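Dear colleague,

I am passing on the structure we spoke about, followed by some notes on its two ligand sites. Please look through it with the notes beside you.

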Amino acid sequence: MILVTGGAGFIGSNFVLDWLAAEGEPVLNLDKLTYAGNLASLAALRGDARHVFVQGDIGDAPLVARLLAEHRPRAIVNFAAESHVDRSIHGAGEFIQTNVVGTFKLLEAATHYWQALAAPEKGAFRFLHVSTDEVYGSLAPGAPAFTEDHAYAPNSPYSASKAASDHLVRAWHHTHGLPVLTTNCSNNYGPYHFPEKLIPLMIVNALSAKPLPVYGDGRQVRDWLYVEDHCRAIRRVLEAGRPGETYNVGGWNEKPNIEIVHTVCALLDELSPRAGGGSYAAQITHVADRPGHDRRYAIDARKIERELGWRPAETFESGIRKTVRWYLDHPDWVAEVQSGAYRDWVAAQYGSALA
Ligand code: NAD
Ligand code: TYD
């Protein structure tokens, strides 16, 4: 089996579902169930013996050691993290605790476990660390996209904590020989995305007749990748990636935020027209910019294509349509994640207008 951490979050839950459908190999899913973890995203696996869920912290060394000894996974895929830039600006403590200290504890436990494995299992073992393009910092317009050799220059508490975790993973390979793989991926979108992030926030706010808050001028550029493509890339890196290497994963799809928001509005206009008529775009509201907002991210994903034959399968047009459709078809999932804690966050970040 494999151990997946953070498998109740957005990408982790998509990965567990995709993994079981594609590979069928059992998954031990260790997730703390923070505000971002949601077992409703894994409801399709209820009663499926191939999925074993354990609520717990990657930083809980005795728990992780016990799970590794009992379940003897052949690989660890580490998704567990605090992941929202805006939350890291309000308070970075949990980001340091989980992304830095938690990754360190997980690496230590994995190394002890791996060192004691017999030869064939030891050679086959992998520790795959899921990271982000945000560790590279911000790109000027027209500058070449991030390659794996780009210098790290994180600008937010979130990206700094992820950069630190990447460095720890690298060091555990160089110092202890742990067979690690690191993926640095661009912005994901798709089903089960918590509505604090741009695309799901715009969908749920539009449908509840609330403002669509665009930070600053909305000209910041992100590269967007459909989450299933990211899951497929991780499977491929786990299968054939070279230990110690990092792979940049991206959608070849750079878009300014304001264009993303207009696309979401146009799809909603078509699929679920506004009760009072007119376009959802009328709800767009420019609000104060994010402090230290990175202007542009772009991923050069040629290495993973050249070495492992991976390319995104979804176009942005097909992926965003599927995503909007999914949110329209799953109002119960949306209602469930909009808990008291979610409302408190929206009030703290955007003021009472959106709460
Ligand atoms: P998410 O916030 O939706 O999910 C994170 C999950 O980790 C949650 O289920 C949470 O309960 C769990 N978790 C948090 N702290 C934990 C701890 N200490 N121990 C165990 N579980 C814990 O995040 P996501 O968007 O699914 O991102 C997953 C990973 O992918 C993160 O490492 C993130 O940095 C990386 N990433 C995300 C994106 C993106 O666009 N979302 C892009 C590139 C990389
Ligand atoms: P986000 O989904 O938080 O991802 P990240 O900051 O990791 O790239 O934000 C994506 C972009 O959308 C980013 O440039 C910030 C912007 N944004 C808004 O304009 N309004 C919002 O309400 C949110 C959440 C994000």
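**Ligand 2**

The side chain of Y350 places an N or O atom 2.6 Å from an oxygen atom of ligand 2, which is a polar contact in the sense used here (a pair of N or O atoms within 3.5 Å; within protein, one must be able to donate a hydrogen and the other to accept it, and residues adjacent in sequence count only if both atoms are side-chain atoms). Taken alone, ligand 2 exposes 510 Å², of which the protein buries 97%, with accessible areas computed by the Shrake-Rupley method with a 1.4 Å probe, where for residues only the protein chains shown count as cover.

Please keep in mind that this is a predicted model, in which local features need pLDDT of at least 70 and side-chain atom pairs count only at pLDDT 80 or more, whereas totals for chains, interfaces and linings use all residues. Residues are numbered from 1 along each chain as its sequence is written, chains are lettered from A and ligands numbered from 1 in the order in which they are written, and side-chain values use heavy atoms, with hydrogens and water left out.

Two further side chains make polar contacts with oxygen atoms of ligand 2: E134 has a polar atom at 2.5 Å, and R222 has one at 2.8 Å. The shell around ligand 2 holds 17 residues, the closest being E134, P213, R290, H293 and Y350, where a residue is counted if one of its heavy atoms lies within 4 Å of the ligand. Both α7 (198-207) and β8 (212-215) supply at least two residues of this shell, and β8 gives the most, with three; helices (H or I, at least four residues) and strands (E, at least two) are DSSP runs numbered from the N terminus.

**Ligand 1**

Around ligand 1 there are 28 residues, of which I11, D31, S83, Y158 and K162 come nearest. A polar backbone atom of F10 lies 3.0 Å from an oxygen atom of ligand 1, while the side chain of S83 brings an N or O atom to 2.7 Å from an oxygen atom of ligand 1. T98, by contrast, has a polar side-chain atom 2.9 Å from a nitrogen atom of ligand 1. On its own ligand 1 exposes 840 Å², and the protein buries 97% of that. Two or more residues of its shell come from each of α1 (10-22), β5 (126-132), α6 (157-176) and β7 (187-189), with the largest share, three residues, from β5.

With best wishes
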